[in-house]
Amino acid sequence: MKNSLKRQQLKIGLMESEMGDYYLVCSDFWGLMVDEDGATNKFKAAIMELVGEIPERGRCRAYEINPDTGITYMNTFDFPNPYQEWLKAKDSAGETPLILSVWPHEYRIYQRESDGGYLAVSRAWTDHMLSPKELTDTESMPGQPGLRRIGNGTDILYFKNQTTIYWVCSANPGEKSREVLFPRLGGMDFSEEGWIRKSVKNHGAEEGEPEEDSLPY
């Protein structure tokens, strides 16, 4: 949130919905909605520390840093309900074991289920955003993300669990990656067993191996 506020506008709101009110925090490239009852005190305190307030119920504000006056906000506005946007994500994407480093950025590579094509997402917006350490007792880690392609060719990944929807836009990893690297990966199917991250709980328990929730690739 802090980095997004420094670089661009950060939208924050406490939105009303027939399915329950929720907190909304988003930039142009990532965002999240959290059920009001599922929002932790740590989360709300982070908002207060950053912008000095939580918008009134039913409103969303766009905050930015003015060099002369500090943090300011624009007039309130309506924002599409992220739950309804998530429902439009009819495709899905699988996380591959590939990490693309194009200095100064690192990208996590996902594969679309519908056509086997690839998309790149900043690791800063995926690997560091979704952590088991931040889950409450009623939450589990999101499963495979839903995917929706919008008009300009950008893919949006939606991660959902019991209280939260988190979404992130695909990034442009460069012309060589799009036109050279990705086509050469075209014949690979990372959904095949052995490639994707999976639960290994109880696997190997008979041989005395320790139980773990998941293993790296």
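**Aromatic rings and the core**

Modeller: W86 counts as partly exposed because its relative accessibility is 25% (buried is under 20% relative accessible area, exposed over 50%, partly exposed in between, with a 1.4 Å probe and protein chains only). This is a predicted model, where local features need pLDDT of at least 70, side-chain atom pairs count only at pLDDT 80 or more, and totals for chains, interfaces and linings use all residues. Residues are numbered from 1 along each chain as its sequence is written, and side-chain values use heavy atoms, leaving out hydrogens and water.

Colleague: OK, and what sits over the ring of W86?

Modeller: The charged end of K160, 5.0 Å from the ring centre (that takes NZ of Lys or CZ of Arg within 6 Å of the centre and within 35 degrees of the ring normal).

Colleague: Is F159 buried or exposed?

Modeller: F159 is buried, at 5% relative accessible area. Y166 is buried too, at 4%.

Colleague: Switching topic: which residues have the most contacts inside the largest nonpolar core?

Modeller: V25, F43 and L157, in a core of 24 residues. A nonpolar core is a set of buried Ala, Val, Leu, Ile, Met, Phe, Trp, Tyr and Cys residues joined through side-chain atoms within 4.5 Å.

Colleague: Which element gives the largest share?

Modeller: α2, with four residues (helices are DSSP runs of H or I, at least four residues, and strands are runs of E, at least two, numbered from the N terminus).
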